[in-house]
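Good morning. Please have the sequence and the structure open while I talk. I will go through the ligands, then the chain as a whole, then a few single residues.

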Amino acid sequence: MTDCCSTPGVLTLEQALTQILQTLQQTDRYERVSLKDSLNRITYEDIKSSVDVPSFRNSSMDGYAIRTGDQQGHSLKVIGVSWAGKPFTKKVAKGECIRIFTGAYVPGDCDCVVMQENVHRTGEQIQITQQPKHGENIRNIGDDTKKNQAILNKGKLLKPADIGLLAACGIADISVFKQLTVGFFSTGDELISIGQQAQLGQIFDSNRYTLQALLEQAGVTPIDLGVIPDNRLAVEEALVSASKNCDLIITTGGVSVGEADFIAEVLAKIGTVNLWKIAIKPGKPLVFGTIGEAAFFGLPGNPVSVMVTFQQIVLPALHKIMGRAPQTSVNLQAKTTEIIKKQPGRTEFQRGFVENKDGELLVHSTGGQGSHMLSSMSKANCLIVLEQSASDIEKGQYVTIQLLENTL
Ligand SMILES: Nc1nc2c(c(=O)[nH]1)N[C@H]1C(S)=C(S)[C@@H](COP(=O)(O)OP(=O)(O)OC[C@H]3O[C@@H](n4cnc5c(N)ncnc54)[C@H](O)[C@@H]3O)O[C@H]1N2
Ligand code: MOO
């Protein structure tokens with residue numbers, strides 16, 4: 001569809017994402033890992049608990065376990081102690097109670113724990129000073145997790161709470177999707193490595209460092225394939241070789257329309273070009289396709305374009321292949337503290353800093369928005385998302401923001 005803002009042949013971000021995700025298949029490779037090695041891995045199957053958690057009724061307070069009917073004002077005899085790990089299992093008769101500590105087994109005769117602050121103790125007798133409620137301060141069997149209940153679904157990215165939950169259920173190892181292997185290289189005759197002396201016209205290759213970090217954060221195995229010069233044959237050889245060992249390949253640079261930009265041309269020769277150019281800023285000339293079994297993303301060379309396209313496009317693609325359940329992105333609304341310049345035509349991602357001022361989210365730009373400017377990206381804790389048809393935004397208007405991973 002062509003409207004006021006679209007360029008014929010250039011897909012919107014949503015169209016491009018739909019097309020990319022439809023092309024990619026979820027991997028079916030998996031492995032068993034121990035719980036200790038499972039952080040940031042993705043579950044390969046639904047995981048059920050074979051036990052109730054808690055597996056026995058226990059106290060949530062230090063105090064006295066009593067029987068219903070032994071009410072406020074009554075005097076009760078303390079006949080024993082239930083410690084966490086050392087249960088009291090004998091009978092508790094009417095008019096009796098036991099001393100109990102947090103996490104300790106509650107004997108079957110008792111149905112309430114009175115916290116010690118609400119009790120007067122004299123020798124082996126207690127007086128309850130506040131009306132106890134039936135079931136009070138007792139954690140019941142299975143109130144956290146029930147036996148045979150699915151505690152984690154397939155496709156769950158494992159975070160510390162999930163690992164703790166599995167441990168609480170006594171699960172020692174689990175099946176997770178195999179980690180993806182992602183090969184990446186930079187292209188460009190102007191690139192030198194850190195440590196080399198820059199001549200006029202040369203720059204340090206920053207994209208490889210950014211990508212290594214982004215890929216590590218994404219929980220895949222990155223393979224740094226170095227810098228490849230602007231030479232068709234060299235690029236072709238590097239891509240063919242990478243496609244044999246990698247699930248996904250990322251290059252940066254060489255996707256625009258200059259004389260030395262031939263990534264899309266080489267891709268068409270050795271694989272398939274599925275799409276080229278998306279109506280986003282930065283990142284417009286992104287190319288996506290496949291080489292053999294491997295998925296391929298040719299990202300634009302500009303360093304901020306690399307970061308934005310990685311976050312908006314490569315990451316959802318990686319999630320699809322690595323088996324992660326689809327995510328709903330959490331967008332917030334924040335009030336802009338300044339005018340934001342914007343031309344209609346592309347969905348724009350501007351670098352911003354959001355803060356909470358007296359309960360209101362305020363966002364301001366972190367500086368120059370050129371796609372070569374990493375300094376404003378480094379200062380940003382969010383991206384300001386401006387829709388394709390939007391033009392300049394007035395100060396005080398609400399805009400959509402996406403928090404960056406480093407903020408969370
Ligand atoms: N006539 C046109 N020129 C350009 C267009 C266009 O539509 N018509 N699009 C512009 C846009 S938007 C982008 S984005 C860039 C993308 O260009 P390429 O992907 O071909 O990238 P290069 O030209 O190779 O590099 C762009 C820029 O980034 C620097 N760069 C490249 N690699 C690295 C690296 N590894 N580390 C740090 N910096 C890198 C490179 O030196 C250039 O400055 O094209 C526009 N041009
Ligand atoms: O689309 Mo480019 O990435 O704006 O600089």
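Ligand 1 has 26 residues around it, and the closest are Asn207, Gly253, Ser256, Pro300 and Gly301. Sorted by class, that shell has 14 polar residues, eight nonpolar and four charged. Keep in mind that this is a predicted model.

Now ligand 2. Its surroundings are Lys281, Pro282, Gly283, Lys284, Pro300, Asn302, Ser305 and Ser371. By class, this shell consists of four polar, two nonpolar and two charged residues.

The peptide bond that joins Lys281 and Pro282 is cis, with omega about 0°. Where does Pro282 sit? Pro282 is in the loop between strand E19 (280-281) and strand E20 (287-291).

There is a cis bond elsewhere too, from Val53 to Pro54, and there omega is near -5°. Pro54 also belongs to a loop, between strand E2 (47-48) and strand E3 (58-59).

Next, the chain as a whole. The protein chain contains 26 strands and seven helices. How is the chain divided into domains? Domain 1 covers 13-28 + 180-322, domain 2 covers 30-53 + 156-177, domain 3 covers 58-139, and domain 4 covers 331-407. Note that domain 1 and domain 2 are each written as two stretches of sequence.

UniProt, in an unreviewed entry, places the feature "domain: MoaB/Mog" at residues 183-320. Over residues 183-320 the chain is 37% helix and 29% strand. The end C-alpha atoms of that stretch are 17 Å apart.

On to overall dimensions. The centres of domain 1 and domain 3, taken over C-alpha atoms, are separated by 65 Å. Along the principal axes, the C-alpha atoms of the protein chain fill a box of roughly 95 × 50 × 50 Å. The protein chain has a radius of gyration of 30 Å, whereas a compact globule of 408 residues would have one near 22 Å.

How many of the 408 residues count as buried? The figure is 36%. As for contacts in the protein chain with a separation of 6 or more, 70% are between residues 24 or more positions apart.

Gly123 lies in the loop between strand E8 (119-122) and strand E9 (125-128). Gly123 and Ser193 are 70 residues apart in sequence, and their C-alpha atoms are 78 Å apart in space. Is Gly123 buried or exposed? Gly123 is exposed, because it has 7 other C-beta atoms within 10 Å, and a residue with 12 or fewer counts as exposed.

The other two are asparagines with positive phi. Asn137 has phi near 60°, and it is a residue other than glycine. Asn137 lies in the loop between E9 and strand E10 (138-139). Asn148, which is not a glycine either, has a positive phi of about 70°. Asn148 is in the loop between E10 and strand E11 (150-152).

Asn148 has 10 other C-beta atoms within 10 Å, so Asn148 is exposed.

That is the end of my part.

Definitions and conventions
Residues numbered from 1 in each chain as written. Chains lettered and ligands numbered in written order. Predicted model: local features only at pLDDT ≥ 70, side-chain atom pairs only at ≥ 80, totals over all residues. Near = placed C-beta within 6 Å. Nonpolar A, V, L, I, M, F, W, Y, C, P; charged D, E, K, R; others polar. Domains from an automatic or database assignment. Helix = DSSP H or I, 4+ residues; strand = E, 2+ residues; numbered from the N terminus. Rg over C-alpha atoms; globule rule 2.2 N^0.38 Å. Buried ≥ 20, exposed ≤ 12 C-beta atoms within 10 Å, placed from the backbone. Contact = placed C-beta atoms within 7 Å. UniProt positions renumbered as here; feature names shortened; annotations may be inferred.
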